[in-house]
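I have kept to what can be computed from the atoms.

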Amino acid sequence: MHRPFVLLGLGAIIGILIAAKWQSSLWIGVIGLLLLWSGGSYLYQKSYGRLFLFLLGVLLAFLRFDHAEQENRSHLSPILLKMERDAFLNVRGVVDSSPLIDGDRLTFDLKVQQIMEERRGKIHPIPEETIRVSIYLNSGTEWHEASRLLRGSSIQGPFQFERPPALRNPGGFDYARFLYHHSIHWIGFTDRWQEMKIVPPTGFPWRTWLDQGRFELAKRIERSYEEPYAGFLRGMLLGERFAVDPELESQFAVLGLSHLLSISGLHVGVLVAGIYFFLTTLGLTREKTAGIILCFLPIYVCLTGAGAPVIRAALMTALVLMTWIFRLSKDLFSFLAVALLIQLAFDPYQLFLVGFQLSYLITAALVVGVAPLVERLPFASEWLSQSIAVALIAQLVSFPLLLYHFSEFSILSFVANLFLVPLTSMSIPLAMGGIWIGFVSESWEWLIGKFVAFLLGFTLQVSQWLFSLSWAHFTWAKPSIWWFLFFVASLFYVWVAWIGDLFYRSFHRLIASSCLFLLIGYAFVAPIWDKGTQITFLDVGQGDAVVLETKRGHVIVIDGGNKASPREEKWRWKRKPIDMGERVVLPFLKSRGIRQIDFWILTHGDRDHIGGVMAVSKRIPVKQVIRSIHPPREGLEEELVRFFQQTGTKVSSVQYGLTNRIEERIYWQFLHPDHQRKLGTKEKGNEDSIVCLLSIEGRKVLLTGDIGQKAEERILADWQLPTIDILKVAHHGSGSATTKRWLEKLSPREAVISVGEKNRYGHPHEEVLERLRAYRVRVWRTDWHGAVTVRFEDGQYEIESMVGLGDR
């Protein structure tokens, strides 16, 4: 009972999880009865006090989450659902977040106050519901005008509306749920910037002033440092993650160093320690110094974007400072629980954010575990013992969460954190101090900047070298809930065995450590044991990407999706161009625990088929590439082939008519193209796309690339084709393919069309859909159904999609 807030905090976590899973008034009654029983027992018999506090936390959190769910309703939906789908509506509202420009796209959150139907002139007042807005800019002039938009400005103009996109691929990011947890239910978009009426902030726009202050600090950083150091420091000091170089961000994510690129407890702690040292050196007492820092903390939290980790760190720091001021005893674990309760009371949805989970879990483990572990370590240096204890505990407790959320973990993460975190910790106060000193002495700012750049340069070189050791970075399929429970129990047993005073200590340490390593080993090999044969048609927009996984762990990928081509105008350049390989294919492969691709078939050299291959191949090794018969085109295809050759991947052209056994009851055969009878050219290779016939447990799957009518006629003339169970419709449903004769000969039962929603080509063409309907083929479209997965077992198959089932 000496830590009541800890019990309340644990209860709050359980209460929110129960409310999110089972939203039923029955649970309120059950928890209420248990609470009354335990409360009465505590009051009259002085027992079950801990249970009482725990259940109180459960009940209060359950009610708070239920209230949040009731409030998280859209007032716009009854209005927008009655409108025409693509109609423009005149919207008036207030910019509620810092506007961000990425290339030709301006995004921000808009607190809607009013909607007016342009044609009817009817006005609908809205009780300030927030939407996510995207404005597409058409010229450099519009870009410069948009860059001056401030948070707090009133804006009015025409917008179209759509629901946030549902999760469309396994292993992908659920953007709709992410926005729902931020109480955003609609997305507004427009390209009519010139029609916007903007009124600058009025009154006391303190958030605008903070944005401007952050902007000025960012300019000073860019003036003092070159890239990528400037973006790195903007992420570390100001919370501007978007400014960090994308490749650097990817490296740090793989190495488990992402916490260095955003404001967290490390940054707050280092900064507060630096201010404390400076002020006490000037002669201020500890109490006065604590008071000054306490006043500074809210400003710093708002200045850096008020993320969950920085709020947690600021709340804990504030509680510690208050114990200094009032000369009270401190209990960090209770302070952590108080910070948790405050944040969950304010927004219970934060519990589902990965940053929130990692921040509190790691901090709790460090508060409990570092001091006892340091006493057990045999090193003479206390600093070394603390560094090893912090890195080891952080890695062990974060391991299951990293597997759950990212399906990735590097065995070099411990080494990276052990050596690079201290270097970065030195850079934070020096860089921030250099910025403020620059207002007084530019020469000192320059000198400090040079030293910080040296530290950051060494840090980035080491991280790049560690990242290049690809053998140490593994993908892990998401384990089951039972694995997580056993892992937590095993971790607790390891802690007791190594820190506690048990009889037969050596025996317990051996058993506990063995259990932990066995669980980690099981998580590593489980995807190999748990394989079934399946083929997945991923939703990569207007492009193709297909993944075949077999029972024995063979992986064959066909094409890799699109990658946006660079734009001519510099102002249109995006920080991170859309790459379907990185956005869709790689997360899917990681979620499946795939660590090697046996064959990658590149049907032809169009960007919408090979654009995403490079991003995946840099992270997952490829044994062999099979490509079309034409020489690689200059640019993307040539660069891709060169990369494969440099990395030792075997690259070969397709062998016409070749039949291969992949494993028992799984075969493939290449039906097209023929080297001796080319239908296309190097630049126009659609008709010479690779066509592959798969036989999976007696079922036939035909993959057709972008062939047209000429190729279909040649294949029908050259081969006596069987009845096809699943046909990948050629060229995204273009009218130049999938002819009546083709369908008559193949008699497919299912047809999958890989196509982008609202694509500019009008795919799939209506005549193709009519032909498929005429032959009673069930149609699956990635623009309607998202990813389509076909599972094979005992000669039968079943099909499921991410969004909806069957033909629409």
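Predicted model: local features only at pLDDT ≥ 70, side-chain atom pairs only at ≥ 80, totals over all residues.

1. Helix α23 is followed by G648, whose phi is positive, near 85 degrees. The helix itself spans residues 636-646, and its buried residues are E637, L640, V641, F643 and F644; buried stands for under 20% relative accessible area, exposed for over 50%, and partly exposed for what lies in between (1.4 Å probe, protein chains only).

2. Residues are numbered from 1 along each chain as its sequence is written, and side-chain values use heavy atoms, with hydrogens and water left out. Helices (H or I, at least four residues) and strands (E, at least two) are DSSP runs, numbered from the N terminus.

3. What do the buried residues of α23 pack against? They pack against β13 (597-602), α21 (607-610), α22 (613-617), β14 (622-627) and β15 (650-653), where contact means heavy atoms within 4.5 Å.

4. Just after α26, R776 takes a positive phi of about 55 degrees.

5. The structure holds 36 salt bridges, each defined as a side-chain nitrogen of Lys or Arg within 4 Å of a carboxyl oxygen of Asp or Glu. One of them joins R214 to D211, with the closest N and O atoms 3.2 Å apart. Both residues lie in helix α7 (residues 206-224), three residues apart, about one turn of the helix. An α-helix has 3.6 residues a turn, so residues three or four places apart point the same way. R214 is buried, with a relative accessible area of 8%, and D211 is buried too, with a relative accessible area of 13%.

6. R699 forms a salt bridge with D725, the closest N and O atoms being 3.0 Å apart. This pair links distant parts of the chain, since R699 belongs to strand β19 (residues 699-703) and D725 to the loop between α24 (709-718) and β20 (726-728), 26 residues apart.

7. D96 forms a salt bridge with K111, and here the closest N and O atoms are 4.0 Å apart, a value to be read alongside the cut-off of 4 Å. D96 lies in the loop between β1 (89-95) and β2 (100-102), and K111 in strand β3 (residues 105-117), 15 residues apart. K111 is partly exposed, with a relative accessible area of 25%. Elsewhere, D104, E569, R572 and K574 are linked in a network of salt bridges.

8. On the surface, I437, W444, W446 and L447 form a nonpolar patch with about 460 Å² of accessible area together. Patches are made of residues with over 30% relative accessible area and no salt bridge, like charges being joined within 9 Å and nonpolar side chains (Val, Leu, Ile, Met, Phe, Trp, Tyr) within 5 Å; accessible areas come from the Shrake-Rupley method with a 1.4 Å probe, and for residues only the protein chains shown count as cover. The largest share of the patch, three residues, comes from helix α17 (residues 442-468), whereas I437 is in helix α16 (residues 413-437) and counts as partly exposed at 33% relative accessibility.

9. With a disulfide taken as a pair of cysteine sulfur atoms within 2.5 Å, the count comes to zero. The sulfur of C295 is 14 Å from the closest cysteine sulfur, in C302, too far for a bond. C295 is exposed, with a relative accessible area of 58%, whereas C302 is partly exposed, with a relative accessible area of 28%.

10. T289, in helix α11 (residues 286-303), is buried, with a relative accessible area of 0%. Leaving aside its neighbours within four places in sequence, T289 is in contact with Y276, L279, T280 and L284.
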